[in-house]
Amino acid sequence: MYFFIVVFTQFVSRIPHALSGNLNCVNDFEATMACVLTYDKHVNCSGYNLVLVPSLSNKNYVCTLTENSSNSYSPFKCGCTVQIPKPITGDEYTANLLKGLNTVNSVKIKPSEKIKPKAPVIISVNRTDTGNFNVTWKTNYLESTPFSESLKTQLSYKMKGDSDEVAKTINATLPFQEILGTELKANRDYVIKARSFSMKFNSQFSDWSQEVEWTNPVSTQDLLKIVIPVLCLLLIINICVCHRCYMKLKASCDKIPDPAKAPLDKIIPTNVKVLQPPKDPPISPIDVFSMEKPCKHLLSEGSSVPVETDPGYKSHQHSS
């Protein structure tokens, strides 16, 4: 019995271990085929190769699987990329997953039905004179090709630190787009990313581009929204202070009596005393003597003083 167990164990160990999961291959419509194998249970990817066998050619394309957990919701995945000719309608490949020389998985792939565009690259985010923002990017495809002309770009922008669920999206046909500054909060940082897709070629969404950050500064309108209410508040306070000062000054002035409003009996007294000269003023003999003596002295002295007359006057008097 023990002998049969050992033989069975060695037989099972020789069976190649197959990676349980989903093998998916996509191309960028140019020359790159990317294949990804996702699985639920962690398995070492080393030692596994992927061989692409085209139906219209004898040349095989081989790549080695490596672990890569980026851009996937699955906790584990293996993947690789290989350069193939540009896909055309009707092409078909057989993807064989090998462990050593043993095939452990095989799927059929039509490249024209499995298109995933290259991730775009955001070139710049510039603020305009009107306060809006111009976003420019490139699709990484030649503009003259039909595939490039069919591409559309989905932009996703949000405030830095917010989750992707609250991000706003814009679908653009041309490689530039204007974001209204009125839809953004002032003095905040924003990030934007982009991805491409083509409805005409039934493509998948590309991977997201690298995020580009920019800041929405405080605009003149935002400043006015802040300054005007503050000025109005200061004006109201100033009016209240001036009114209070006026009322205090008016109350002080009201305490001063107004002669125009006072009654006459309080202005003119009833007992009026008028100053009048005395009826018989006393006369001093000294004053009379002192007044008469100078006059007599002047008269006596004046009679002895010779009076000179103008000679011309005399001649004029005689001629008449």
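Start by selecting Leu52. Leaving aside neighbours within four places in sequence, Leu52 is in contact (heavy atoms within 4.5 Å) with Met33, Cys35, Lys59, Asn60, Tyr61, Val82, Ile84, Tyr93, Thr94 and Ala95. Before you click on, know that this is a predicted model, where local features need pLDDT of at least 70 and side-chain atom pairs count only at pLDDT 80 or more, while totals for chains, interfaces and linings use all residues. Residues are numbered from 1 along each chain as its sequence is written, and side-chain values use heavy atoms, with hydrogens and water left out.

In the largest nonpolar core, which has 23 residues, Leu50 and Leu52 touch the most other members. Such a core is a set of buried Ala, Val, Leu, Ile, Met, Phe, Trp, Tyr and Cys residues joined through side-chain atoms within 4.5 Å; buried means under 20% relative accessible area, exposed over 50%, and partly exposed in between, with a 1.4 Å probe and protein chains only. Two or more residues each come from strand 1 (22-27), strand 2, strand 3 (48-54), strand 4 (61-64), strand 6, strand 7 and strand 8 (102-109). Strand 2 gives the most, with four residues. Apart from this core lies another, of 15 residues, including Val125, Phe133, Tyr157 and Leu184.

Next, hop to Thr94, one of the contacts of Leu52. Thr94 sits in strand 7 (residues 93-99); strands here are DSSP runs (E, at least two residues), as helices are (H or I, at least four), numbered from the N terminus. Is Thr94 buried or exposed? Thr94 counts as buried because its relative accessibility is 16%. Show side chains and look for Lys108: a polar contact of 2.9 Å joins its side chain to that of Thr94. (That term means a pair of N or O atoms within 3.5 Å; within protein, one must be able to donate a hydrogen and the other to accept it, and residues adjacent in sequence count only if both atoms are side-chain atoms.)

Then highlight strand 2 (residues 32-39) and strand 6 (residues 76-83), which pair in the antiparallel sense over eight bridges. Two strands pair if DSSP finds at least two bridges between them. Click Thr32 and you'll find its bridge partner, Gln83, in strand 6. Strand 5 (residues 66-67) also pairs with strand 6, antiparallel over two bridges, and there Thr66 has Gly79 as its partner.

Finally, zoom out: the protein has six helices and 15 strands.
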